[in-house]
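Dear colleague,

Please find the structure below, handed over for your review. A short account of the findings comes after it.

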Amino acid sequence: MVRFRFSPVKGTFGGKAPRDIFLTMAASPFLFVGNLLCLDFLNTEPVREGVRVDLLVSFEDLARWLEAAGQLQPGAARTAAMRWGGSAEGRKTLREAKRLRAALRAMAERLAAGKPVGDDVVRTINRVLASRPAYARLVRNSTGYAARLEPVTRGPLQLLAPVAESAAWLLEHGEVSLVRQCEGNQCVLLFYDTTRNKSRRWCSMEECGGRAKAAAYYRRTRARGAPG
Ligand SMILES: [Zn+2]
């Protein structure tokens with residue numbers, strides 16, 4: 001059986017996304033701390049200074065995120081943004097993207113709490129998976145023949161298929177107990193813990209990890225009666 005080649009887990013802790021043409025990396029608002037595409041996608045709704053913000057306001061934002069996540073080549077992201085941005089199909093795709101994101105949050109929060117995932121989540125994932133049908137195409141190679149899976153090009157919803165595939169991978173093959181929510185106060189980011197001793201607690205050391213360390217240091221020094 002031919003399968004999509006899919007590499008689900010990024011090896012690095014808090015690894016940065018490979019590229020971004022619309023914005024420089026420093027200016028990109030997106031966070032890639034999840035180690036799994038589906039978790040990075042739901043992390044497009046972080047809490048900043050106590051307020052939940054949505055980083056996907058338009059179809060163009062979605063194209064930018066897909067590019068920043070390495071799921072669209074820069075040229076393809078720009079083409080998609082020009083073709084569907086501002087169109088009814090683009091708006092529909094954004095609505096579907098948010099429905100998928102809400103389902104993925106429900107999935108991840110239940111997994112992080114050690115609970116089973118609801119059927120509605122599975123249905124939502126399946127709807128996005130169905131947006132990118134594929135067929136086996138027979139090709140000649142040096143040793144004979146090979147059947148290669150070719151996606152059938154449809155509308156822009158298929159751009160979300162890799163996110164849904166990532167969630168499908170997590171539920172089929174992943175270690176679901178490694179889905180964790182950041183312990184930071186008010187932080188809503190989730191990640192897949194790939195540290196060796198499975199002890200990751202924070203979305204990143206620059207953010208919640210660093211704040212927790214500073215707070216612990218402050219408590220210690222105050223307890224000792226040290227100045228400052
Ligand atoms: Zn955090």
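This is a predicted model: local features need pLDDT of at least 70, side-chain atom pairs count only at pLDDT 80 or more; totals for chains, interfaces and linings use all residues.

Residues are numbered from 1 along each chain as its sequence is written.

The largest nonpolar core has 50 residues. Such a core is a set of buried Ala, Val, Leu, Ile, Met, Phe, Trp, Tyr and Cys residues joined through C-beta atoms within 7 Å; buried means that 20 or more other C-beta atoms, placed from the backbone, lie within 10 Å of a residue's own. Elements giving two or more residues to this core include helix H4 (88-112) and strand S6 (190-192), where helices (H or I, at least four residues) and strands (E, at least two) are DSSP runs numbered from the N terminus. H4 gives the most, with eight residues. Leu104, among the residues with the most contacts inside the core, touches Cys38, Phe41, Leu42 and Ala167, not counting residues up to four places away in sequence; contact requires C-beta atoms, placed from the backbone, within 7 Å.

H2 and H3 pack at about 170 degrees with axes 9 Å apart, the axes being lines fitted to C-alpha atoms over the stretch in contact and angles running from 0 to 180 degrees between N-to-C directions. The two helices are therefore roughly antiparallel (over 145 degrees).

Helix H7 (residues 205-223) is hardly covered, with one buried residue among its 19. Just after H7, Gly225 takes a positive phi of about 75 degrees.

Yours sincerely

Terms used: A residue is buried if 20 or more other C-beta atoms lie within 10 Å of its own, exposed if 12 or fewer, and partly exposed in between; C-beta atoms are placed from the backbone. Two residues are in contact if their C-beta atoms, placed from the backbone, lie within 7 Å. Angles under 35 degrees count as roughly parallel, over 145 as roughly antiparallel, 65 to 115 as roughly perpendicular and the rest as oblique.
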